[in-house]
Amino acid sequence: MFSFANPEYLYLLLLLPVVAGLFWLSQRAKAKKIAKFGRPEVVKELMPEQSPYKPWIRLAVELLLLATIVVILARPRGGAQETNTTMKGIEVMICLDVSNSMNAASADDAPEVSRLQRSKQVLEKLIDRVTGNKVGLIVFAGNAYMQMPITGDAQSAKMYLNNISTDMVPTQGTAIGAAINMACQCFSRNPRTQKTIIVITDGENFEDDAVSNAEEAKKNGISVNVVGIGSVNGAPVPSADGEVLIDDNTGKPALSKLNEKAAMEIAKAGKGTYVNGAASDAVDELHEQLQKLSKSDLGNYTYSLENELFPVFAWIALILLIAELFILERKNPLLNRFNFFTKKEQKK
């Protein structure tokens, strides 16, 4: 099987007919200039070393070189082989807050970075650390919604992050407890597998009793960790169109603060850890907490591994480049005595 890792680069092959067309136009212009000096067959006799075929041969080599470079950029792959492996690790369910307050600034010294953006940055780094474990993703606001079921392909969670926004959940609010309950239901029934939940939120919970839900998760052997995102001093909450929301009771801009106390209580109830997402070592602390959990067999997985073929095309490109350097537009003096394309006139 033959495939490309970056097939979008193959559109550059459309440049080949463009280059060929421009060369043809230049040759026509050159022929017209020669015609101004006299009849072409007579002028050619004045340029005996000028080869009429070498430019076209050189063009063919250059087009092949350009095509080969495009193929290299597209990263050709082939020779897929199926590999069976046994995965050993833990199960991690990530619950990401997407309520409107996540549009507010993530920190006092970084007003241009929203809490949701900071959450995605933390998640991207964390996903790289938990590769080899099972990972799932839930988003929540007024209700919780499954975004990615738990899977052994942790890196696929990154694809979902780009599409996550505060507009994707119809019911606004912050139901941390509902997200914890849904996460608990997504784990496997294997009692030997260690399970943990990571909640990323600003801690403002208005919908349910998240502490009780975390305690229930702990009873089932599931730890609950919390990553707090946001400004302790409070930040205005912008709407979807960028305007600041107004508090109906005070008539002033609505402020949202990171409720670290509530976030710590949830983590304590879930026998997990609390991490401030603004800290530079936030991901390290989380990863250290996950490393404490013992790994177990998560099952056998079959995956296809394809060989990278671009080194082969790189060698071809190098050969073509060297060949192009040695192709001159003049005739080869060793071949001057041979005439391959015209018949010699016979003497009468």
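This is a predicted model: local features need pLDDT of at least 70, side-chain atom pairs count only at pLDDT 80 or more; totals for chains, interfaces and linings use all residues.
**Entry 1: Ser156**

Residues are numbered from 1 along each chain as its sequence is written, and side-chain values use heavy atoms, with hydrogens and water left out.

I placed Ser156 in the loop between β7 and α5 (157–161). Helices (H or I, at least four residues) and strands (E, at least two) are DSSP runs, numbered from the N terminus. Is Ser156 buried or exposed? Ser156 counts as buried because its relative accessibility is 10%. The cut-offs are under 20% relative accessible area for buried, over 50% for exposed, and partly exposed in between (1.4 Å probe, protein chains only).

I then looked up its contacts, meaning heavy atoms within 4.5 Å. Leaving aside neighbours within four places in sequence, Ser156 is in contact with Met148 and Thr151.

**Entry 2: Ser99**

I found Ser99 in the loop between β3 and β4 (105–107). Ser99 has 3% relative accessibility, so it counts as buried. Which residues does Ser99 touch, not counting those up to four places away in sequence? I listed Phe140, Ala141, Thr166, Gln172, Gly173 and Thr174.

**Entry 3: the sheet**

I traced an open sheet of six strands, in the order β7-β6-β3-β8-β9-β12, with mixed pairing. Its edge strands are β7 (144–151) and β12 (274–276), and each pairs on one side only. Two strands pair if DSSP finds at least two bridges between them. Neighbouring strands of this sheet are turned by 15 degrees against each other on average, direction ignored.

I checked one pair in detail. β8 (residues 195–201) and β9 (residues 222–228) pair in the parallel sense over seven bridges. Here Lys195 stands opposite Ile222 in β9.

Next I looked at two helices lying across strands. Helix α4 (residues 115–129) lies across β3 (91–97) and β8, and runs at about 165 degrees to β3. Helix α6 (residues 176–186) lies across β3, β6 (134–140), β7, β8 and β9, and runs at about 30 degrees to β7. Axes are lines fitted to C-alpha atoms, for helices over the stretch in contact, and angles run from 0 to 180 degrees between N-to-C directions.

**Entry 4: α7 and α8**

How do the axes of α7 (residues 210–219) and α8 (residues 260–269) cross, and within what distance do they come? They come within 7 Å and cross at roughly 20 degrees. That makes α7 roughly parallel to α8, a term for angles under 35 degrees. I noted Ala210, Val211, Ala214, Glu215 and Lys218 in α7 meeting Glu265, Ile266 and Ala269 in α8.

**Entry 5: positive phi**

Most residues other than glycine have a negative phi. I looked up two residues here. Arg75, not a glycine, has a positive phi of about 55 degrees. Arg75 is in the loop between α3 (54–73) and β2 (76–89). At 33% relative accessibility, Arg75 counts as partly exposed.

Lys271 is not a glycine either, and its positive phi is about 55 degrees. I found Lys271 in the loop between α8 and β12. Lys271 is exposed, with a relative accessible area of 64%.

Methods:
Angles under 35 degrees count as roughly parallel, over 145 as roughly antiparallel, 65 to 115 as roughly perpendicular and the rest as oblique.
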